[in-house]
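Thanks for coming, everyone. Please bring up the sequence and the model on your screens, and we will walk through a few local features together.

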Protein chains: 2
Amino acid sequence: MNDRASESLQPAAHRRVRDATVNLAHGSGGRAMRDLIEDVFVSTFDNPTLAALEDQAVFALAELARHGDRLAFTTDSYVVDPLFFPGGDIGTLAVSGTVNDLAVCGATPLYLSCAVVIEEGLAVDILRRVAASMQRVALDAGVAIVTGDTKVVERGCADKLFINTAGIGVVRRDVSISARNARAGDVVIVNGYLGDHGAAILMARQQLALEADVESDCCPLGSLIAAMLDACPEIHCLRDATRGGVATVLNEFAQSSNVTIRLREADLPLREQVKGACEILGLDPLYLANEGKLVAVVPADAAERVLAVMRAHPAGREAAAIGRVEAGDDGLVVMQTVFGGQRIVDMLVGEQLPRIC
Amino acid sequence: MNDRASESLQPAAHRRVRDATVNLAHGSGGRAMRDLIEDVFVSTFDNPTLAALEDQAVFALAELARHGDRLAFTTDSYVVDPLFFPGGDIGTLAVSGTVNDLAVCGATPLYLSCAVVIEEGLAVDILRRVAASMQRVALDAGVAIVTGDTKVVERGCADKLFINTAGIGVVRRDVSISARNARAGDVVIVNGYLGDHGAAILMARQQLALEADVESDCCPLGSLIAAMLDACPEIHCLRDATRGGVATVLNEFAQSSNVTIRLREADLPLREQVKGACEILGLDPLYLANEGKLVAVVPADAAERVLAVMRAHPAGREAAAIGRVEAGDDGLVVMQTVFGGQRIVDMLVGEQLPRIC
């Protein structure tokens, strides 16, 4: 990791951490930290760039250029509570979220960093489980975790574990995706059921007397997006709908492109459990966080083609067209309700659910 | 930031946060978060890439290739306590540290991310001060902060503010720096007084009845290193000596290169105040953290040339040769003491000072 060490020729087994929990020495920059990093991260993420334990990962620009002509760079911190939830954990989230932020601009996600802030007293086994989750998703998404950092803070100064993943990828030559590109006539598409992640976290917190069988949709979308771009390189807008939900993404598209977006409530893909939980709690599923859902705005003549490739992909089986872009420079998102009326879908105001990701 | 928004054409003044403190809504993904980001970060970091508020920053690879042939990628989280200390704050640290991790591999630092985890209740003005510090150092170092993320956690779930900065830079064509490159005969050089950052943090915590006028050495080293590489492109090893201090870096060099490194205690540049504080507290300044100090291993015939350019640079005025690389595959660092004896300088075991950076 960013944290020096050497002797990486010795087998990982030699450097197994003996402590059951993380203590302040594991963030010291010295031997204890090196042992934790080699035991938990280097052995799990398993690549020579990380194993070299230099302070930075280095790649030939010529190699990167094989994937396209532009570098994409992004970052996200993950503070989700609880660390483990149905359908995922902070590790799956930390890799999927950053991979998706790269993929939605048309980039092939390539390399991730992993910087952890650990609360003193965290079980080392929890860290091992989280690292294993990260590596599983990284392999699935075709990315390598190549550099990192480890900090430990005193008990009570952080809540168990926070992870930051930054990511780099290379944007395909043939695409130009931007929130400013929505045009009247375009079709608005999502890749499946909305709000599963938000609902799963709500349930997992057990602060509610609700029980429902909902799993987080947390997953990397790189291969789905690649298939969509193969079918239609001229996709206009594309974003993953995380905090703030689909409503927030659509507001950003509508405002940046100076258009009106009209949704059809009847066409929104919603699980009965999520719909039910939202009704009971007074939440709007359009604002619930997702961690494996994207919103795409595509030219009308490409919509069916894009939907077809999405439905053929595991991450897009329930893909649906949910609305249209209309002329009008008001930047509004309007919902055609199932009862025939219409209402404005504004940006999220206030907080719906803290520490959702 | 990584956190959507639009309407960036409106002047920043329109989006000033009215709240005096950060609340959970500022991490929601909605309007409050967008306002905080535009007020504090977009207006301060002041560049069109960040202002576009897409989920990622994008750069032409051809532009990057003007700086060299390899991309460098690094990350560090900063959890320093206290947030403000003599000579710097968490913001100066977050930019300097990541810039330095890029510069020490021979890269020109170019772009940084900024991901904050904020404890609910933090004064917005503190965030503004920290952002201003970051931008001041970024301008000094010639980097732009181009993407980011904002999370807010409940009171008691983090200690005020943690910052992660990841960075990308491009490595010069003519250099090949690695911890494995130290050769017998090479000279070990540092760029000035050791341990100032560690000592300044110790004093700032006021847990000690010590008072001494020591400031953190926190500063970006990109231009110093560029001058060193201009003078001697074949610098063998180069690292900044942060957590774990100079002793840890030298141990890593000695072990990775399978050599012995012999230091001369009399040649170590130490301020009287730092030396005094270490004697009273039983600390070894070789293990104290620095945030603007590098350790270089250079071929003997280039040592004077390198020292001369360092001493001509503001960040290298007290540069000194502190030892030599010797044949011997023991990977040891040995100190020739002022009394004529010698002792092994091992890696840091345990924790010297938590949350130093």
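Let's start with one serine. Ser133(B) touches Asp89(B), Gly91(B) and Thr92(B), leaving out residues up to four places away in sequence. Contact here means heavy atoms within 4.5 Å. Ser133(B) sits in helix α5 of chain B. Is Ser133(B) buried or exposed? Ser133(B) is buried, at a relative accessible area of 7%. Buried means under 20% relative accessible area, exposed means over 50%, and partly exposed is in between, with a 1.4 Å probe and protein chains only.

Now some housekeeping. This is a predicted model, where local features need pLDDT of at least 70 and side-chain atom pairs count only at pLDDT 80 or more, while totals for chains, interfaces and linings use all residues. Residues are numbered from 1 along each chain as its sequence is written, chains are lettered from A and ligands numbered from 1 in the order in which they are written, and side-chain values use heavy atoms, with hydrogens and water left out.

Back to the helix. Helices (H or I, at least four residues) and strands (E, at least two) are DSSP runs, numbered from the N terminus. α5(B) has 18 residues, and its first and last C-alpha atoms are 26 Å apart, close to the 26 Å expected at 1.5 Å a residue. The expected span is 1.5 Å times one less than the number of residues. Which residues of α5(B) are buried? They are Val124(B), Leu127(B), Arg128(B), Val130(B), Ala131(B), Ser133(B), Met134(B), Gln135(B), Val137(B), Ala138(B) and Ala141(B). Keep one rule in mind as you look at that list. An α-helix has 3.6 residues a turn, so residues three or four places apart point the same way. After α5(B) comes Gly142(B), with a positive phi near 75°.

What does α5(B) pack against? Helix α1 (residues 31-45) of chain B packs on α5 (residues 124-141) of chain B at an angle of about 20°, and the axes are 9 Å apart. Axes are lines fitted to C-alpha atoms, for helices over the stretch in contact, and angles run from 0 to 180 degrees between N-to-C directions. That angle makes α1(B) roughly parallel to α5(B). The cut-offs: under 35 degrees is roughly parallel, over 145 roughly antiparallel, 65 to 115 roughly perpendicular, and the rest oblique. The crossing of α1(B) and α5(B) is right-handed. A crossing is right-handed if the near helix is turned clockwise from the far one by less than a right angle, and left-handed if anticlockwise.

Who meets whom? From α1(B) we have Leu36(B), Asp39(B), Val40(B), Phe41(B), Thr44(B) and Phe45(B), and from α5(B) Val124(B), Leu127(B), Arg128(B), Ala131(B), Ala132(B), Met134(B) and Gln135(B). By class, this contact of α1(B) with α5(B) has nine nonpolar, two polar and two charged residues. Ala, Val, Leu, Ile, Met, Phe, Trp, Tyr, Cys and Pro count as nonpolar, Asp, Glu, Lys and Arg as charged, and the others, Gly among them, as polar.

Next pair. Helix α7 (residues 222-231) of chain B and helix α10 (residues 303-311) of chain B pack at about 150°, with axes 9 Å apart. That makes α7(B) roughly antiparallel to α10(B). Their crossing is right-handed. Leu224(B), Ala227(B), Met228(B) and Ala231(B) of α7(B) make the contact with Arg305(B), Val306(B), Val309(B) and Met310(B) of α10(B). By class, the contact of α7(B) with α10(B) has seven nonpolar, no polar and one charged residues.

Now the backbone. The peptide bond from Asp81(B) to Pro82(B) is cis, with omega near 5°. Pro82(B) is in the loop between β2 (70-78) and β3 (84-85) of chain B. In chain A, a cis peptide bond joins Asp81(A) and Pro82(A), with omega about 5°.

Two non-glycine residues have positive phi. Leu53(B) has phi near 50°, and lies in the loop between α2 (48-51) and β1 (57-60) of chain B. Leu53(B) is buried, at 1% relative accessible area. Asn258(B) has phi of about 55°, in the loop between α8 (245-257) and β10 (260-264) of chain B. Asn258(B) is partly exposed, at 46%.

Last stop, chain A. Val143(A) lies in the loop between α5 and β6 (144-153) of chain A. Val143(A) counts as buried, at 7% relative accessibility.
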